[in-house]
Amino acid sequence: MEFRKKEVIHMYTNDELIEKEQHKYIQNAKQFIGNPEKIKNLLQKVISKATDRKGYLGDAWEKIQLFVDLVKAYSKGEYKNVQPSTIVTIIGALLYFISPIDIVPDFIIGLGLFDDAAVIGYTLKKLSKELNEFEKWKDTIPNILEDPLD
């Protein structure tokens, strides 16, 4: 098991491999744009999984919350200062996060969420400028995103 852990850690410190894994979900993510019901269902699944595994997610917990807030605000038309491709990329990362079929199955304690967190972290790094702008906007709108599912 220790060899497998080192192999997984090495694999997910390589941005190319992470992008390749995330890209598998991008085509499916495009189907969510303009479909509020599909987005709401996705966000419910993401929040449920993230809440259940909060203790294992570490820093990825806050990143996931940021992604959920941005997708929600965009889909409701409250925030428009973002490219649709950014939303698709974030939705792809969230789809990867909730997928039971990824490189390291989530039921493997200690490793199962490592690849999910790597994809979330990579997405944050890739989209940092737009995510920073969203955070600034969000700070000016008190309580607008209080309930991530309303």
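Contact means heavy atoms within 4.5 Å of one another. The model shown is predicted: local features need pLDDT of at least 70, side-chain atom pairs count only at pLDDT 80 or more, and totals for chains, interfaces and linings use all residues. Residues are numbered from 1 along each chain as its sequence is written, and side-chain values use heavy atoms, with hydrogens and water left out.

**Figure 1. Overview of the protein chain, with eight helices and zero strands.** Helices (H or I, at least four residues) and strands (E, at least two) are DSSP runs, numbered from the N terminus. Along the sequence the pattern reads α-α-α-α-α-α-α-α. Of the contacts in the protein chain with a separation of 6 or more, 72% are accounted for by residues 24 or more positions apart. Of the 150 residues in the protein chain, 41% are buried; buried means under 20% relative accessible area, exposed over 50%, and partly exposed in between (1.4 Å probe, protein chains only).

**Figure 2. Close-up of the crossing of helices α3 and α6.** Two packed helices are described by the angle between their axes and the distance between the axes. Here the axes of α3 (residues 36-52) and α6 (residues 84-98) come within 10 Å and cross at roughly 50°. Axes are lines fitted to C-alpha atoms, for helices over the stretch in contact, and angles run from 0 to 180 degrees between N-to-C directions. The helices α3 and α6 are therefore oblique to each other, given that angles under 35 degrees count as roughly parallel, over 145 as roughly antiparallel, 65 to 115 as roughly perpendicular and the rest as oblique. The crossing of α3 and α6 is left-handed, a term used if the near helix is turned anticlockwise from the far one by less than a right angle (right-handed if clockwise). From α3, the contact is made by Leu-42, Leu-43, Lys-45, Val-46, Lys-49 and Ala-50, and from α6 by Ile-91, Leu-94, Leu-95, Phe-97 and Ile-98. Nine of the residues in this contact are nonpolar, none is polar and two are charged. In this grouping, Ala, Val, Leu, Ile, Met, Phe, Trp, Tyr, Cys and Pro count as nonpolar, Asp, Glu, Lys and Arg as charged, and the others, Gly among them, as polar.

**Figure 3. Close-up of the salt bridge between Lys-138 and Asp-69.** A salt bridge is a side-chain nitrogen of Lys or Arg within 4 Å of a carboxyl oxygen of Asp or Glu, and by this rule the count comes to three. In this pair, the closest N and O atoms are 2.7 Å apart. The bridge links distant parts of the chain, with Lys-138 in helix α8 (residues 128-140) and Asp-69 in helix α5 (residues 60-75), 69 residues apart. Lys-138 counts as partly exposed because its relative accessibility is 24%, whereas Asp-69, at 10%, counts as buried.

**Figure 4. Close-up of the salt bridge between Glu-133 and Lys-136.** The N to O distance is 3.6 Å. Both residues lie in helix α8, three residues apart, about one turn of the helix. Glu-133 is partly exposed, with a relative accessible area of 34%, while Lys-136 counts as exposed at 53%.

**Figure 5. Close-up of the salt bridge between Lys-76 and Glu-78.** The closest N and O atoms of this pair are 3.7 Å apart. Lys-76 counts as partly exposed at 41% relative accessibility, and Glu-78 counts as partly exposed at 27%.
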